[in-house]
Amino acid sequence: MAFKEVKIEELSFNPFTKIGKEWMLITAGNEEKCNTMTASWGGVGVMWGKNAVTAYIRPQRYTKEFVDREEAFTISFYDEKYRKALNLCGTVSGKDTDKISQAGLTPYFVDGVPAFAEADMIMVCKKMYHDEIKPEKFIEAEIDDRWYPQRDYHTMYIAEILKVLVKE
């Protein structure tokens with residue numbers, strides 16, 4: 001599986017579909033150990049004059065340890081035929097099992113940052129900022145009760161997109 005680097009300005013995709021409906025994997029770690037998780041919340045845009053992504057991870061997710069420890073992570077997108085793999089990566093913890101193998105994914109490293117060979121598109125992202133969602137900041141109070149009944153507030157990461165790779 002070969003990838004080629006493309007300029008971000010050459011991309012043409014709908015982020016609402018890619019992230020919200022097709023989902024993405026957030027992956028971090030190194031060649032010795034990495035972990036991944038499925039996400040359907042996030043965004044792409046420009047922040048502080050840089051092309052950027054936002055990613056959101058709940059505190060109990062094992063992948064959060066890897067994202068917190070490393071300088072960079074990847075977000076990657078997949079063809080519909082990988083829906084079961086993405087579902088598994090969103091419901092099984094990598095702490096307890098080798099979910100990457102179970103999902104049939106092949107680690108692929110971009111400048112030492114993990115992703116997967118099965119991806120259609122990989123974005124290598126360098127962390128610039130993070131903070132926890134704070135309940136007292138909700139303007140619409142019902143969001144807190146609906147999305148955080150266990151009060152397990154996401155950490156928001158803002159990261160610069162360093163490189164975009166697409167499958168050849």
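## A walk through a predicted protein chain

Let's begin at one spot: Ala85 sits in helix α3, which covers residues 83–91. This alanine counts as buried, because its relative accessibility is 9% and the cut-off for buried is under 20%. Gln102 is 17 residues away from Ala85 along the chain, yet their C-alpha atoms are separated by 8.0 Å. Please keep in mind that everything described here comes from a predicted model.

### The whole chain

How many helices and strands does the protein chain have? There are five helices and 10 strands. The radius of gyration is 15 Å, close to the 15 Å that the globule rule gives for 168 residues, so the chain is as compact as a globular protein of that length. Along the principal axes, the C-alpha atoms fill a box of roughly 45 × 40 × 30 Å.

Of the 168 residues, 42% count as buried. The accessible surface of the chain comes to about 9,200 Å², and carbon and sulfur atoms account for 49% of it. Contacts tell us something about the fold as well: among those between residues at least 6 apart in sequence, 73% join residues at least 24 apart.

What about charge? The chain carries 23 positive and 27 negative side chains. The centres of these two sets lie 2 Å apart.

### Helix α2 and what covers it

Helix α2 spans residues 62–69, and its buried residues are Tyr62, Thr63, Lys64, Phe66 and Val67. Which elements cover them? The cover includes strands β2, β3, β5, β6 (72–77), β9 (121–132) and β10 (155–167). For a helix in general, one turn takes 3.6 residues, so residues three or four places apart point the same way.

Leaving aside neighbours within four places in sequence, Lys33 is in contact with Tyr62 and Phe66. Lys33 belongs to the loop between β2 (24–29) and β3 (34–39), and with a relative accessible area of 45% it is partly exposed. Pro149 is 116 residues from Lys33 along the chain, and their C-alpha atoms are separated by 32 Å.

### Another pair, 116 residues apart

Gly45 and Ile161 are 116 residues apart along the chain, with C-alpha atoms separated by 9.6 Å. Gly45 is part of strand β4 and counts as partly exposed at 34% relative accessibility. Its contacts, leaving aside neighbours within four places in sequence, are Lys50, Asn51 and Ala52.

Here are the C-alpha separations mentioned in this report.

| Pair | Places apart along the chain | C-alpha separation |
|---|---|---|
| Ala85 and Gln102 | 17 residues | 8.0 Å |
| Lys33 and Pro149 | 116 residues | 32 Å |
| Gly45 and Ile161 | 116 residues | 9.6 Å |

### Some loop residues

Phe13 is in the loop between β1 (3–6) and α1 (15–20). With a relative accessible area of 25%, Phe13 is partly exposed. Not counting residues up to four places away in sequence, Phe13 touches Lys18, Val44, Met121 and Met123.

Trp48 has a phi near 55°, which is a positive value in a residue other than glycine. You can find Trp48 in the loop between β4 (42–47) and β5 (50–57). Asp111 also has a positive phi, near 55°, and it too is a residue other than glycine. Asp111 lies in the loop between β7 (107–110) and β8 (113–116). Is Asp111 buried or exposed? At 63% relative accessibility, Asp111 counts as exposed.

### Cysteines without a bond

A disulfide is a covalent bond between the sulfur atoms of two cysteines. How many disulfides does a search of the whole structure find? The search finds zero.

For comparison, the cut-off for a disulfide is a pair of sulfur atoms within 2.5 Å. Cys125 also has its closest cysteine sulfur in Cys34, and there the distance of 15 Å is too far for a bond. Cys89 is buried, with a relative accessible area of 0%, and Cys125 counts as buried at 0% relative accessibility.

Methods: Residues are numbered from 1 along each chain as its sequence is written. This is a predicted model: local features need pLDDT of at least 70, side-chain atom pairs count only at pLDDT 80 or more; totals for chains, interfaces and linings use all residues. Side-chain values use heavy atoms; hydrogens and water are left out. Helices (H or I, at least four residues) and strands (E, at least two) are DSSP runs, numbered from the N terminus. The radius of gyration is taken over C-alpha atoms; the globule rule is 2.2 Å times the number of residues to the power 0.38. Buried means under 20% relative accessible area, exposed over 50%, partly exposed in between (1.4 Å probe, protein chains only). Contact means heavy atoms within 4.5 Å. Accessible areas come from the Shrake-Rupley method with a 1.4 Å probe; for residues, only the protein chains shown count as cover. Lys and Arg count as positive and Asp and Glu as negative; His and the chain ends are not counted. The place of a charge is taken as NZ of Lys, CZ of Arg, CG of Asp or CD of Glu.
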